[in-house]
Amino acid sequence: MIKALVPVSAIFISSFSFAQNPLSVHVLNLENGLPSAGVKVILEKQQNNQWKELSESTTNQQGRITALYPQDTPFEKGIYKVTFKTGEWFQKNKQSSFFPEVPVIFSVDGKLEHYHIPLLISPYGYSTYRGN
């Protein structure tokens, strides 16, 4: 019985912690279809026409950051920017690229509890959208 509860509780705990943070990102490499592990990502909020850095993290082996927003900080309405340091990542992987970074600016209106920003990258292009 205990063996059966361990996997279920692990899923619940990981889902619970995922749902607790209002912002996640995911980076995939379009050239090979694989996750982009090790991409540095910076989160900023616009305040008084300037950007204020809130956090910085790096994508995990699955190309994800499940908790980019600072813990124990209210997720306020406003304009935010997530900057993916793609040039550094391509350089580490011995590839040239056209875009040194990909800034994604988005608006939080308070209607959603969670925002997810996927980024699909290749050396000479990228695509992003509001995920869930």
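Leaving aside neighbours within four places in sequence, F84 is in contact (heavy atoms within 4.5 Å) with V25, V27, V39, K40, V41, E101, V102, V104, I117 and L119. This is a predicted model, in which local features need pLDDT of at least 70 and side-chain atom pairs count only at pLDDT 80 or more, while totals for chains, interfaces and linings use all residues. Residues are numbered from 1 along each chain as its sequence is written, and side-chain values use heavy atoms, with hydrogens and water left out.

F84 also belongs to the largest nonpolar core, which has 22 residues. A nonpolar core is a set of buried Ala, Val, Leu, Ile, Met, Phe, Trp, Tyr and Cys residues joined through side-chain atoms within 4.5 Å. Buried means under 20% relative accessible area, exposed over 50%, and partly exposed in between, with a 1.4 Å probe and protein chains only. The members that touch the most other members are L23, V25, V41, L68, V82, F84 and I117. Two or more residues of this core come from each of β1 (23-29), β2 (40-47), β5 (78-84), α2 (86-92), β6 (102-108) and β7 (115-122). These elements are DSSP runs numbered from the N terminus: helices are H or I with at least four residues, strands are E with at least two. In soluble globular proteins, nonpolar side chains tend to be buried together.

I117, another of these core residues, sits in strand β7. I117 counts as buried because its relative accessible area is 5%. Beyond four places in sequence, I117 is in contact with L23, S24, V25, H26, V82, F84, V104, F106, T128 and Y129. Between I117 and I65 there are 10.0 Å in space, C-alpha to C-alpha, and 52 residues in sequence.

Which loop holds T59? T59 lies between β3 (50-58) and β4 (64-65), and it is buried because its relative accessibility is 5%. A polar atom of the T59 side chain lies 2.7 Å from the backbone oxygen of S36, and a polar atom of that side chain lies 2.9 Å from the backbone nitrogen of G38. Not counting residues up to four places away in sequence, T59 touches V27, S36, A37, G38, V39, V41, R64 and I65.

The aromatic rings come next. A pair of aromatic rings is described by the distance of the centres and the angle of the planes. Rings of Phe, Tyr and Trp (its six-membered ring) pair if their centres lie within 6.5 Å; planes under 30 degrees apart count as stacked, over 60 as edge-to-face and the rest as tilted. The count by this rule is 9 aromatic pairs. Y69 and Y80 are edge-to-face because their ring centres are 6.2 Å apart and their planes are at 65°. Y69 is in the loop between β4 and β5, and Y80 is in strand β5, 11 residues apart. Y69 is buried at 4% relative accessible area, and Y80 at 0%. Y80 and F106 form a stacked pair, so described because the centres are 5.9 Å apart and the planes are at 20°. F106 lies in strand β6, 26 residues from Y80, and is buried at 13% relative accessibility. Y69, F75, Y80, F106 and Y115 form one aromatic cluster.

Conventions
A polar contact is a pair of N or O atoms within 3.5 Å; within protein, one must be able to donate a hydrogen and the other to accept it, and residues adjacent in sequence count only if both atoms are side-chain atoms.
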